[in-house]
Amino acid sequence: MAMAGDRRRRLLVLVPCPYQGHLNPMLQLGAALQLTSSFSVTVAHTEFHFPNQSNHPQFDFLPTADGLSDADKSSRDFTSLLSKLNVNCKISFQESLTRLREQHKEEVTCIIYDALVYFAEEVARELKIPCVIFRTCSAANTSIYNEYPRLREEGFIPLQDSKALELVPRVHPLRFKDLPVYKFEGYEKLLQLLERSNQIGSSVAFLLNTIECLEQSPLMKLRGEYPVPFFTIGPLHKIAPPLSSSSLIEEDQSCITWLNKQAKNSTLYVSLGSVASIDEKELVEMAWGLANCEQPFLWVVRPGLVHGSDAINLLPDGFAEIVGERGRIIKWAPQQLVLAHESVGAFWSHCGWNSSLESISEGVPMICTPCFGDQRVNARYLSHVWKVGLLLEDMERGEIERAIKKLMTSEEGEIVRQRMTDLKHEVMHSIKEGGSSYNFVHELVKYINSL
Ligand code: UDP
């Protein structure tokens with residue numbers, strides 16, 4: 001909303017990458033900037049994966065034709081989908097932006113784009129609009145992609161199984177198996193895309209949804225590598241005013257009523273996020289681990305969790321009867337509300353960056369089962385650096401039961417919980433007046449106003 005007396009509206013265009021874990025922080029960023037300033041915010045969106053616009057009346061929306069076929073949209077080849085988006089959206093984004101400028105007879109102050117949709121930077125450069133790159137993952141993960149050329153030169157790529165547990169030289173504290181792109185068919189193409197997305201082009205600043213106290217050393221490294229100001233403005237979900245849902249799947253609010261009936265800190269919340277998938281055997285092992293752990297649990301079994309099937313139909317016979325009222329299965333949770341609920345005592349997670357920040361912000365200790373990409377980096381930091389989670393790599397019922405009991409009922413688990421509580425206080429301090437993220441958000445507003 002422009003304020004009375006403004007000489008002209010300051011118009012920001014946000015370009016998110018159309019996946020849940022990218023949409024959420026971009027919309028939170030828009031809301032956080034509006035809270036601190038009089039920016040008017042337009043969200044450019046693809047036809048693929050976009051949340052309900054009526055939930056976000058504070059933003060305008062700018063459709064961008066993405067040219068994706070139904071086969072592209074249902075494919076699990078994210079590299080190919082993102083590469084296509086970066087080619088297909090460029091012209092349509094440029095045209096819709098040009099129309100927007102003509103219709104409103106005003107300039108766009110700044111384009112803020114998700115690093116994975118770098119077509120937005122190419123358009124900004126051509127139209128001579130200032131742009132800012134936003135990486136929605138951690139600083140540690142961001143900085144790794146700059147190491148791959150060196151790892152290639154030094155002969156570490158392709159990565160070898162025999163080295164999996166060795167520390168990566170000069171990428172403390174990661175082992176080779178913690179690298180976000182390790183080895184699978186087609187990994188070189190993904191690596192190319194990620195390396196490309198780390199090139200800032202004409203971007204005048206770099207935004208990260210992280211916190212100085214969490215990632216001092218990777219941040220110092222990144223600041224040495226890019227000649228632009230860095231703004232660490234996380235955790236954005238706590239800085240932005242509470243937003244209406246931006247979930248792509250309907251949230252099951254009834255789980256809150258169920259959580260209200262559970263004892264304080266008794267319940268394990270289980271979710272592997274919006275993209276990760278497991279096979280049927282792993283689902284069955286998860287089910288028996290949960291059945292045997294004796295703790296109440298809330299488990300998100302989203303459509304697609306087991307690729308190609310409705311996972312809920314694959315749960316083992318007798319599981320529901322054994323678990324009874326102690327367990328609740330839903331398709332999608334209002335996750336921030338769940339993690340903030342006092343009955344939730346632990347989070348068994350795939351360690352997506354948003355989930356990690358959301359758990360830290362509520363002081364909920366974690367069981368870390370990374371599936372792919374940056375989840376491995378986050379899991380290493382959570383379990384090994386901040387020591388606020390236990391690593392669980394083997395999806396086997398006995399291992400699962402032991403990990404849950406250790407975190408939720410043992411003395412060792414209590415120490416992990418205490419460390420998570422301490423980390424929560426540090427992180428939440430950063431968003432209070434005078435804290436690092438608070439200051440960076442205000443500096444970012446001033447910076448954008450100066451463009
Ligand atoms: N999320 C949710 N309900 C669920 C599971 C996840 O609202 O049942 C949200 C979660 O709060 C987070 C996002 O989806 O903001 C997932 O992002 P993350 O980076 O953790 O993982 P990704 O889905 O990208 O792998």
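In helix α7 (residues 187-197), the buried residues include L190, L194 and S197. Helices here are DSSP runs of H or I with at least four residues, strands are runs of E with at least two, and both are numbered from the N terminus. A residue counts as buried if 20 or more other C-beta atoms lie within 10 Å of its own, as exposed if 12 or fewer do, and as partly exposed in between; C-beta atoms are placed from the backbone. Seen down the axis of α7, the buried residues fall within an arc of 60°, so they line one face of the helix. The arc is that of the directions from the helix axis to the C-beta atoms. An α-helix has 3.6 residues a turn, so residues three or four places apart point the same way. The cover over the buried residues of α7 includes α3 (78-104). Contact requires that the C-beta atoms of two residues, placed from the backbone, lie within 7 Å.

The model is predicted: local features need pLDDT of at least 70, side-chain atom pairs count only at pLDDT 80 or more, and totals for chains, interfaces and linings use all residues. Residues are numbered from 1 along each chain as its sequence is written.

The protein is divided into domain 1 (11-146 + 198-234 + 432-449) and domain 2 (254-429). These bounds come from an automatic or database domain assignment. The C-alpha centres of the two domains lie 29 Å apart. Their contact takes 18 residues from domain 1 and 15 residues from domain 2. On the domain 1 side, α1 and α5 (139-144) each supply at least two residues. The largest share, four residues, comes from α1. This side divides into eight nonpolar, eight polar and two charged residues. Ala, Val, Leu, Ile, Met, Phe, Trp, Tyr, Cys and Pro count as nonpolar, Asp, Glu, Lys and Arg as charged, and the others, Gly among them, as polar.

Around the ligand stand 20 residues, of which G21, G273, S274, G352 and S355 come nearest. A residue is near a molecule if its C-beta atom, placed from the backbone, lies within 6 Å of it. Two or more residues of this shell come from each of α1 (20-36), α13 (335-340) and α14 (353-362). The largest share, four residues, belongs to α14. Domain 1 and domain 2 each give at least three residues to the shell. By type, the shell holds seven nonpolar, twelve polar and one charged.

P130 sits in the loop between α4 (119-127) and β5 (131-135). P130 is partly exposed, with 18 other C-beta atoms within 10 Å. Beyond its neighbours within four places in sequence, P130 is in contact with C110, V204 and L451.
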